[in-house]
Amino acid sequence: MAAATGETQPAKHQEVGHKSLLQSDALYQYILETSVYPREPKPMKELREVTAKHPWNLMTTSADEGQFLNLLLKLINAKNTMEIGVYTGYSLLSTALALPEDGKILALDINRENYEIGLPIIEKAGVAHKIDFREGPALPLLDQMVEDEKCHGSFDFIFVDADKDNYLNYHKRLIDLVKIGGVIGYDNTLWNGSLVAPPDAPLRKYVRYYRDFVLELNKALAVDPRVEICQLPVGDGITLCRRVS
């Protein structure tokens, strides 16, 4: 989900889902045109363009972050993954394309209607069989999985891009479900730069509200001895947590 810092500030960049923290529009455009768009798989380009027509299009994962996730999954040889927060499925498709033929993604979202916008493209790409989509709140299902010892340490990678006020609740559960050496990625952890905004900054109400939850998450992850972390200024900020114990 994207964030915008000012009610009256013009939006940066023209790309749908832009969340770059770069101060130079031209530099971000250079990254997209030189490294991202020429390598973007056709199904992902199609889904990005379809999502552009949706009124909530700022919720989508940016193209550069989608590219990053795709490469990361290949680097860690991920096979069994989970995604919390799907929207139209851009990051989900990026994941599905990166996984081997027998790879699996447990995809959780409260809105199936949005997922079905991208589903025809996902099916056309030949990766729909990798996805197990579940509609509804994620926490009840995660609680069931935590109670099942067979689910512990069963995921290679988990991507979280959902309700920020539950990020810490997700972390408390996901740390048991990801394997040692596996990775959890939390999206929007720089919250469009609002984390360091002065108290009187003209933030939108939802940005100000969720900022405190993102700050709380970042502080908790920074001192969690069970994970190694790296916070990257890709998209709207993504924090990678590698479970070590």
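**Reading the structure step by step**

Reply: In α4, the buried residues are Y90, S91, L92, L93, S94, T95, A96 and A98. The helix is thus mostly covered, with 8 of its 9 residues buried. Please keep in mind that this is a predicted model.

Me: How many helices and strands does the protein have?

Reply: There are 8 helices and 7 strands. The radius of gyration is 17 Å, close to the 18 Å given by the globule rule for 245 residues, so the protein is as compact as a globular protein of that length. Along the principal axes, the C-alpha atoms fill a box of roughly 50 × 40 × 30 Å.

Me: What share of the residues of the protein counts as buried?

Reply: A residue counts as buried when its relative accessible area is under 20%. By that cut-off, 50% of the 245 residues are buried. The surface can be described too: the protein exposes about 11,700 Å², and carbon and sulfur atoms supply 55% of that area.

Me: Which residues touch the most other members of the largest nonpolar core?

Reply: A core of this kind is a set of buried nonpolar residues joined through side-chain atoms. The largest one here has 32 residues, and L92, L93, Y115, I122, I131 and F157 touch the most other members. Helix α4, residues 90-98, gives the most to this core, with 5 residues. Another core lies apart from it and has 27 residues, among them I84, L106, L221 and V227.

Me: With which residues is I131 in contact, leaving aside its neighbours within four places in sequence?

Reply: With those neighbours set aside, I131 contacts L92, I105, A107, Y115 and I122.

Me: Where does I105 lie, and is I105 buried or exposed?

Reply: I105 lies in strand β2, residues 104-109. Its relative accessible area is 1%, so I105 is buried. Not counting residues up to four places away in sequence, I105 touches T81, E83, L92, T95, A96, L99, K130, I131 and D132. Consider L92 in that list: I105 and L92 are 13 residues apart in sequence, while their C-alpha atoms are 8.2 Å apart in space.

Me: How should I read a backbone angle such as phi?

Reply: Most residues other than glycine have a negative phi. Two residues here should be read against that background. Y87 has a positive phi near 55 degrees and is not a glycine. Y87 is found in the loop between β1 (80-84) and α4, and Y87 is buried, with a relative accessible area of 6%. N188, likewise not a glycine, has a positive phi of about 70 degrees. N188 is placed in the loop between β5 (178-187) and α8 (205-222), and N188 counts as buried at 0% relative accessibility.

Me: Which residues does N70 contact, leaving aside its neighbours within four places in sequence?

Reply: N70 is in helix α3, residues 63-75, and its contacts beyond those neighbours are S94, L97 and A98. N70 is buried, with a relative accessible area of 13%.

Me: Is E46 buried or partly exposed?

Reply: E46 has a relative accessible area of 30%, so E46 is partly exposed. E46 belongs to helix α2, residues 42-51. Residues up to four places away in sequence are not counted when one says that E46 touches I121 and K124. E46 and Y90 are 44 residues apart in sequence, with 9.7 Å between their C-alpha atoms.

Methods. Residues numbered from 1 in each chain as written. Predicted model: local features only at pLDDT ≥ 70, side-chain atom pairs only at ≥ 80, totals over all residues. Heavy atoms only, no water. Helix = DSSP H or I, 4+ residues; strand = E, 2+ residues; numbered from the N terminus. Rg over C-alpha atoms; globule rule 2.2 N^0.38 Å. Buried < 20%, exposed > 50% of the residue type's maximum accessible area, 1.4 Å probe, protein only. Areas by Shrake-Rupley, 256 points an atom, 1.4 Å probe, with all protein chains shown as cover. Core = buried A, V, L, I, M, F, W, Y, C linked by side-chain atoms within 4.5 Å. Contact = heavy atoms within 4.5 Å.
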